[in-house]
Amino acid sequence: MSAHADQILPHGRVLRYPFVERANHWIAAFSYIYLLLTGLAFWSPALFWLAAVLGGGQLSRTLHPWVGLFFFYAVMRMYGYWAPQMRATAVDEQWWKSIGNYIQNEDDKMPPAGRYNAGQKALFWSFFYAAILLLLTGMVLWFPEWIPWNLRWVRYISVFLHPVTALFTIANFLIHIYMSVFAERGAFGSVIRGDVSLEFAKRYHPGWYEEITSRSANPRK
Amino acid sequence: MSQATLRIQKISAHSGSIPGENTQREFAVAKLIDTTTCIGCKACEVACVEWNDLPFSPTTFDNTLQTMPETRWNYWNLILFNEHEKDDGSLMWLMRKNQCMHCAEPGCLEACPSDGAIVQYTNGIVDFQQDKCIGCGYCITGCPFNIPKFNKETKRVYKCTLCSDRVTQGLEPACIKSCPTGCLHFGSKDDMLGLAQARAKQLRDHYGFADAGVYDPPGVGGTGVIYVLHDAKQPELYGGLPKDPHVPMMVRLWKGPLKWLGNVAMVGGVIGLFVHYLRFGPKDRDVEMKEPHEGAEP
């Protein structure tokens, strides 16, 4: 039987992301990276060579929307897995007020975050709403010839909103990569192997740590 | 016309300078369409299809003399008909040969993301290079005249070339060649404007068209196709010719300020995060400093 989320594992570790959540994360990640690279090729003449590297402009144009559907699917799966845990809590407001401490790595001065801190929740909802907006505007850009001339304003809005939303996700993406790969050591492993150390849980998610250690005999799921 | 007319002055999505730009002086060419002498014979439509070797496109009958509702990827030249009732109750049959306007500031070229898929020659002709077209359709959105048309089979976009192949050989475009009434003229933009102004004056002074004038919209920098209209104050009557066409504002915002802001934000963001790491390092640095060989594990 496979391990369930929040299960305490031997050697002082706890399962943070079960296999399906990890796999889904990487569907989203790899599709996002492809979308980012091809999107940047369409964004700027100086980066159009990216399309050439990825098999040519025509192929990039053909695949970008299809990969976009994969990305959207994965984000909606994430909504299914994580949305209940991403709801705002009282501690989130305190967390945002202490964002200065967080930036300066003074984590001991931070209010006790739960399974996700307020920043992670913001990232989640940013990607969730951005994915919806990107899908809607992307469908228009996918089939521009289907939009009749008297509805051309739909194309005008889409052609502007799609890159704006994409830029917004790029900001989130950069912060996400930075935090998970460089700033919080252990976070990257959690989305590869699934588990983090109890020390990690205690340091970054004290609320969650309390929760899992106090009722470790009665698992969540 | 000069032999060197295929020298390029604008390239879509081109990073860096344009090879050969400003090395040769050349006058802009223009097509003049005098709607007041067009009889709607459609010789120009046939000549266009013939010269450009375009595959058959079925016509659709809608109780007018119009061949089809709008131009298609393989039908670049279409006469638009409108039965216009004037204020005094009299009827006017308005006919306008519609095709690419060859804007001096082309919205299609501005919107195109593919290097060299759209070019503007020094003589002002805007030409699509289908081998470089990626079929994204941004040109369709950039065009204020609804001209570029997508081909689902080839996944490329097509439009009137102003017969750039003929023009380089010193010939007039095929449509001009076929016109039986002489309502189509081709020559330098200056000559065509002069001819158009003279004709508009004639219409005002001798034919009772007080509002006759020339259509050469400044919103797109002027066009390589200019019209003489009986009523230049209402170009919309002529099959929806836009009164004051511009490259759509959203396209200009996207390709202008948004591009700058986005690039600055992306580069700034990466630099900012790198500097943050240099200044503060990873979050568990305290553990590392206390127990240099053991890390964060308990």
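Tutor: A definition first: two strands count as paired when DSSP finds at least two bridges between them. The model before us is predicted.

Student: In chain A, which residue of strand 3 is the bridge partner of R13(A)?

Tutor: Strand 2 of chain A covers residues 13-15. It pairs with strand 3 of chain A in the antiparallel sense, over three bridges. In strand 3, the bridge partner of R13(A) is S197(A).

Student: Which strands are the edge strands of that sheet?

Tutor: The sheet of chain A is open, with three antiparallel strands in the order 1-2-3. An edge strand here pairs on one side only. The edges are strand 1 (8-9) and strand 3 (195-197) of chain A.

Student: What pattern does chain A follow along its sequence?

Tutor: Chain A has ten helices and three strands. Read along the sequence, these elements give β-β-α-α-α-α-α-α-α-α-β-α-α.

Student: What share of the residues of chain A count as buried?

Tutor: The C-alpha atoms of chain A fill a box of roughly 60 × 40 × 30 Å along the principal axes. Among its contacts with a separation of 6 or more, 62% join residues 24 or more positions apart. Of the 221 residues of chain A, the buried share is 33%.

Student: Is A23(A) buried, exposed or partly exposed?

Tutor: A23(A) lies in helix 1 (residues 19-43) of chain A. Its C-alpha is 9.5 Å from that of A74(A), 51 residues away in sequence. Burial takes 20 or more C-beta neighbours within 10 Å, and exposure 12 or fewer. A23(A) has 13 inside 10 Å, so it counts as partly exposed.

Student: Turn to chain B. What is its radius of gyration?

Tutor: Its C-alpha atoms fill a box of roughly 100 × 45 × 40 Å along the principal axes. A compact globule of 298 residues would have a radius of gyration near 19 Å. Chain B instead has 26 Å.

Student: How much of chain B counts as buried?

Tutor: The secondary structure of chain B comes to eight helices and eleven strands. Of its contacts with a separation of 6 or more, 61% are between residues 24 or more positions apart. The buried share of its 298 residues is 43%.

Student: Why do the buried residues of helix 1 of chain B line one face?

Tutor: The helix spans residues 43-51, and its buried residues are C44(B), E45(B) and C48(B). Seen down the axis of helix 1 of chain B, they line one face because they fall within an arc of 105°.

Student: What covers those buried residues of helix 1 of chain B?

Tutor: Both helix and strand elements of chain B take part. The cover includes strand 3 (78-85), strand 4 (91-98), helix 5 (174-178) and strand 9 (184-188) of chain B.

Student: Now the interface. Which helix of chain B gives the most to the side that touches chain A?

Tutor: The contact takes 39 residues from chain B and 37 from chain A. Helix 3 (138-142) and helix 7 (249-280) of chain B each supply at least two residues of the chain B side. By class, that side has 22 nonpolar, ten polar and seven charged residues. With 15 residues, the helix that gives the most is helix 7 of chain B.

Student: Which residues of chain A does I140(B) touch?

Tutor: I140(B) is found in helix 3 of chain B. It is buried, with 24 other C-beta atoms within 10 Å. Not counting residues up to four places away, its contacts include P148(B), F150(B) and V157(B). From chain A, I140(B) touches P144(A) and E145(A).

Methods. Residues numbered from 1 in each chain as written. Chains lettered and ligands numbered in written order. Predicted model: local features only at pLDDT ≥ 70, side-chain atom pairs only at ≥ 80, totals over all residues. Helix = DSSP H or I, 4+ residues; strand = E, 2+ residues; numbered from the N terminus. Contact = placed C-beta atoms within 7 Å. Nonpolar A, V, L, I, M, F, W, Y, C, P; charged D, E, K, R; others polar. Rg over C-alpha atoms; globule rule 2.2 N^0.38 Å. Arc of directions from axis to C-beta.
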